[in-house]
Amino acid sequence: VDPSGQATRYLLGKLAGRKIQQTSFLDASFMKTLASAIRFGTPLLVHDVENVDPVLNPLLNRELQKTGGRTLVRLGSEDIDFSPKFQLFLVTRNPASQFPPDLCSRVTMVNFTVTPASLESQTLGQILATERADVEQRRKDVLQLQGEQNVRLRELEDALLEEISAVQGNILDDDTVIQALERLKAEAEEVNRDMAKTRDTMEEVRAVTDVYQPLARACATAYFC
C-alpha cells in the first residue's frame with residue numbers, strides 16, 4: 001500500500017540494474033509481461049492492484065513442479081519455466097484498500113500510508129540532513145546496525161533451539177551439543193555487548209535530534225490539520 005508512490009520509486013531505483021518491469025492487470029500485454037519475467041527472473045511490479053487476478057494463485061501458492069531438471073509453474077493454460085530470481089511486487093495507491101486474509105497469508109504486506117509519527121520521522125530526517133548532515137548519517141548507520149544486530153540475535157536464538165531440539169537422550173551427556181551451546185551463548189553475549197554500545201551511541205545522537213524534534217512535530221501536525 002503506497003499512497004505517495006515513495007516506495008514504488010525506491011523499488012524502481014533499487015532494482016533498475018536488474019531491469020525491473022512494470023505492468024497492471026488492465027494492461028493488454030499483462031500475461032506476456034508476466035510470463036517473460038517469470039522465465040528470465042526479472043523483477044515485476046504490478047500497479048493499481050485493488051483485487052488480485054486469480055491467474056497469480058499458482059505463483060502466490062508456490063505451486064512449483066520439477067520435471068526433468070526444470071522448475072515449472074502454471075500460468076493460465078500452460079506450464080512455463082520458473083526462475084528462482086523472479087520477484088513480484090503488487091502495489092496500490094489506495095490507502096483504504098482491504099485484502100482478504102487468505103491473500104495476506106500468502107504475501108508480505110507492507111503499508112506505506114503516511115501517519116503522523118512516520119511523517120514526523122521523515123521530516124526530522126530531512127531537517128537533520130540540512131542542518132546536521134553528520135548527525136543524520138550517524139543516525140542512519142546506528143539504525144542499520146541495530147537492525148543487523150537484532151537479526152543476528154534472532155538467528156542465534158533459532159540455532160540454539162535447533163541444537164536443543166536435535167538432542168537425543170540426556171543433553172548433559174552430549175559433549176558436541178554442550179560445546180555448540182557454549183559457542184552460541186558466547187556469540188549472543190558478544191552481540192548483546194555490541195547492542196549496548198549501539199544504544200549508548202543512539203542516546204548521544206538523540207541528544208542532538210531532540211533539538212529539532214519540535215520543529216518536525218510541528219510540520220507533521222500542520223500537514224494533518
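Is Gly-5 buried or exposed? At 3% relative accessibility, Gly-5 counts as buried, where buried means under 20% relative accessible area, exposed over 50% and partly exposed in between, using a 1.4 Å probe and protein chains only. A quick word before the close-ups: this is a predicted model, in which local features need pLDDT of at least 70 and side-chain atom pairs count only at pLDDT 80 or more, while totals for chains, interfaces and linings use all residues. Residues are numbered from 1 along each chain as its sequence is written, and side-chain values use heavy atoms, with hydrogens and water left out.

View 1. Gly-5 sits in the segment before helix 1 (6-14). Here and below, helices (H or I, at least four residues) and strands (E, at least two) are DSSP runs, numbered from the N terminus. Look for Thr-113 too: it is 108 residues away from Gly-5 along the chain, yet the two C-alpha atoms are separated by 9.8 Å.

**View 2. The largest nonpolar core.** A nonpolar core is a set of buried Ala, Val, Leu, Ile, Met, Phe, Trp, Tyr and Cys residues joined through side-chain atoms within 4.5 Å. The largest one here has 20 residues, and those with the most contacts inside it are Phe-30, Leu-34, Ile-38, Leu-56, Leu-59, Leu-75 and Phe-86. At least two core residues come from each of helix 2 (30-40), strand 2 (44-47), helix 3 (57-60) and strand 4 (70-75). Helix 2 gives the largest share, five residues. In soluble globular proteins, nonpolar side chains tend to be buried together.

Zoom in on Leu-75: leaving aside neighbours within four places in sequence, Leu-75 is in contact (heavy atoms within 4.5 Å) with Met-31, Leu-34, Ala-35, Ile-38, Val-55 and Ile-80. There's also a second, separate core of six residues, including Leu-153, Leu-156, Leu-184 and Val-191.

**View 3. Helix 2 and what follows.** The buried residues of helix 2 are Phe-30, Thr-33, Leu-34, Ala-35, Ala-37 and Ile-38. They pack against strand 1 (21-24), strand 2, helix 3, strand 4 and strand 5 (78-81). Just after the helix comes Gly-41, with a positive phi of about 70 degrees. Move along to Thr-42, in the loop between helix 2 and strand 2. With a relative accessibility of 12%, Thr-42 counts as buried. Setting aside neighbours within four places in sequence, Thr-42 has contacts with Arg-18, Lys-19, Ile-20, Gln-21, Ala-37, Phe-86 and Gln-87.

**View 4. Two loop residues with positive phi.** Most residues other than glycine have a negative phi. Lys-19 isn't a glycine, but has a positive phi of about 60 degrees. You'll find Lys-19 in the loop between helix 1 and strand 1, and at 67% relative accessibility it counts as exposed. Arg-62, also not a glycine, has a positive phi near 55 degrees. Arg-62 belongs to the loop between helix 3 and strand 3 (64-67) and is exposed, with a relative accessible area of 55%.

**View 5. Helix 5 against helix 7.** Two packed helices are described by the angle between their axes and the distance between the axes. Helix 5 (residues 116-131) and helix 7 (residues 175-224) pack at an angle of about 130 degrees, with axes 8 Å apart. Axes are lines fitted to C-alpha atoms, for helices over the stretch in contact, and angles run from 0 to 180 degrees between N-to-C directions. That makes helix 5 oblique to helix 7; angles under 35 degrees count as roughly parallel, over 145 as roughly antiparallel, 65 to 115 as roughly perpendicular and the rest as oblique. The crossing is right-handed, a label for a near helix turned clockwise from the far one by less than a right angle, with anticlockwise giving left-handed.

The residues of this contact divide into twelve nonpolar, three polar and three charged. For this count, Ala, Val, Leu, Ile, Met, Phe, Trp, Tyr, Cys and Pro are nonpolar, Asp, Glu, Lys and Arg are charged, and the others, Gly among them, are polar. Glu-120 is in helix 5 and, at 15% relative accessibility, counts as buried. Not counting residues up to four places away in sequence, Glu-120 touches Gln-213, Ala-216, Arg-217 and Ala-220.

**View 6. Helix 6 against helix 7.** The axes of helix 6 (residues 133-165) and helix 7 come within 9 Å and cross at roughly 160 degrees. These two helices are therefore roughly antiparallel to each other. Their crossing is left-handed. The contact residues divide into 19 nonpolar, seven polar and eight charged.
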